[in-house]
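Q: I've got a new model open and want a quick tour. Can you walk me through it?

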Amino acid sequence: MEAFRMRRLQHHSIAQNLTVGLFIAFGLVTGLALFASVRFSSRQANVELEEKAKEYLTSLTDILAVPLWHFNEQVIEAIGTSYVHNDFIAALQIQSEVGNWNFARDEADTAPVFSRTGVIAYQGERLGEVTISMTSRYYALLNRRFFWSYAVTLFLMLVILSLLSGGLLRELFRKPFMQFINLVNAYASGDDEAFSRHIPYIE
């Protein structure tokens with residue numbers, strides 16, 4: 001029981017308590033900012049990926065029309081292979097309705113997010129379809145790099161804050177506390193107007 005009372009009577013540092021409070025508050029605020037940034041960038045990445053899917057699909061339906069019309073397999077395979085190597089495309093499939101011929105390629109270990117299909121036509125005649133499967137691998141890599149860069153910066157800022165704030169707050173509190181102690185001593189010595197004359201702070 002006596003040991004418990006002694007622990008309760010141990011002195012605590014106000015500067016240390018404030019440092020811990022600032023540390024926690026700063027960590028929470030920056031953590032929430034990091035979470036919000038990652039969520040926003042992920043949503044923005046999905047929007048941009050949708051726009052790229054439309055752009056690629058429009059381009060493919062245009063440039064594949066003539067090769068499919070002449071049924072030039074080599075040109076079709078070259079175009080399809082070049083698009084599959086794109087960082088945003090996980091798989092590509094070209095289906096011909098005039099020659100019963102299909103082209104399909106995909107990137108290994110790449111999970112598609114969504115797929116879009118467009119009609120290939122030439123001079124008003126339907127020739128086939130092209131389907132592209134989009135992947136968010138590129139944006140995921142950027143988000144991962146951003147996350148770790150932000151996390152390392154945050155960690156360094158917290159370390160610097162914890163090292164500097166304790167000593168800085170201690171010095172900032174020392175002078176007001178010493179002035180307050182002197183005022184208390186002056187009042188205890190009989191100076192009734194000590195507080196009214198020498199209080200430079202509003203707290």
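This is a predicted model: local features need pLDDT of at least 70, side-chain atom pairs count only at pLDDT 80 or more; totals for chains, interfaces and linings use all residues.

Q: Zoom out for a second. How many helices and strands are in the chain?
A: Six helices and four strands. In sequence order the pattern reads α-α-α-α-β-β-β-β-α-α.

Q: Back to the sheet. How many bridges pair β1 with β2?
A: Five bridges, in the antiparallel sense. Strand β1 covers residues 89–96. Gln 93, for instance, has Ala 104 in β2 as its bridge partner.

Q: And what sits in the hairpin of β1 and β2?
A: Five residues lie between the strands. Among them, Asn 100 takes a positive phi near 50°.

Q: Now the core. Which residues touch the most other members of the largest nonpolar core?
A: Leu 92 and Met 134. That core has 26 residues.

Q: Which elements give two or more residues to this core?
A: α2 (14–63), α3 (65–70), α4, β1, β3 and β4 (125–134). α2 gives the most, with six residues.

Q: Switching topic. How many aromatic pairs does a search of the whole structure find?
A: Two. In one of them, Tyr 56 and Tyr 83 are edge-to-face, at 6.2 Å centre to centre with 85° between the planes.

Q: Where do Tyr 56 and Tyr 83 lie?
A: Tyr 56 is in helix α2 and Tyr 83 in helix α4, so the pair ties together parts that are 27 residues apart in sequence.

Q: Is that pair buried or exposed?
A: Tyr 56 counts as buried, at 11% relative accessibility. Tyr 83 counts as buried too, at 16%. The cut-off for buried is under 20%.

Q: And what about Trp 69 and Tyr 122?
A: They form a tilted aromatic pair. The centres are 5.0 Å apart, with 50° between the planes. This pair links distant parts of the chain: Trp 69 in helix α3 and Tyr 122 in strand β3, 53 residues apart.

Q: How do Trp 69 and Tyr 122 count for accessibility?
A: Trp 69 is partly exposed, at 35% relative accessibility. Tyr 122 is partly exposed as well, at 23%.

Q: What lies over the face of Phe 88?
A: Lys 52, at 4.7 Å from the ring centre.

Q: Last one, on the whole chain. What percentage of its residues count as buried?
A: Of its 203 residues, 25% do. As for contacts with a separation of 6 or more, 63% are between residues 24 or more positions apart.

How values were computed
Residues are numbered from 1 along each chain as its sequence is written. Side-chain values use heavy atoms; hydrogens and water are left out. Two strands pair if DSSP finds at least two bridges between them. A nonpolar core is a set of buried Ala, Val, Leu, Ile, Met, Phe, Trp, Tyr and Cys residues joined through side-chain atoms within 4.5 Å. Buried means under 20% relative accessible area, exposed over 50%, partly exposed in between (1.4 Å probe, protein chains only). Rings of Phe, Tyr and Trp (its six-membered ring) pair if their centres lie within 6.5 Å; planes under 30 degrees apart count as stacked, over 60 as edge-to-face and the rest as tilted. A charge sits over a ring if NZ of Lys or CZ of Arg is within 6 Å of the ring centre and within 35 degrees of the ring normal. Contact means heavy atoms within 4.5 Å.
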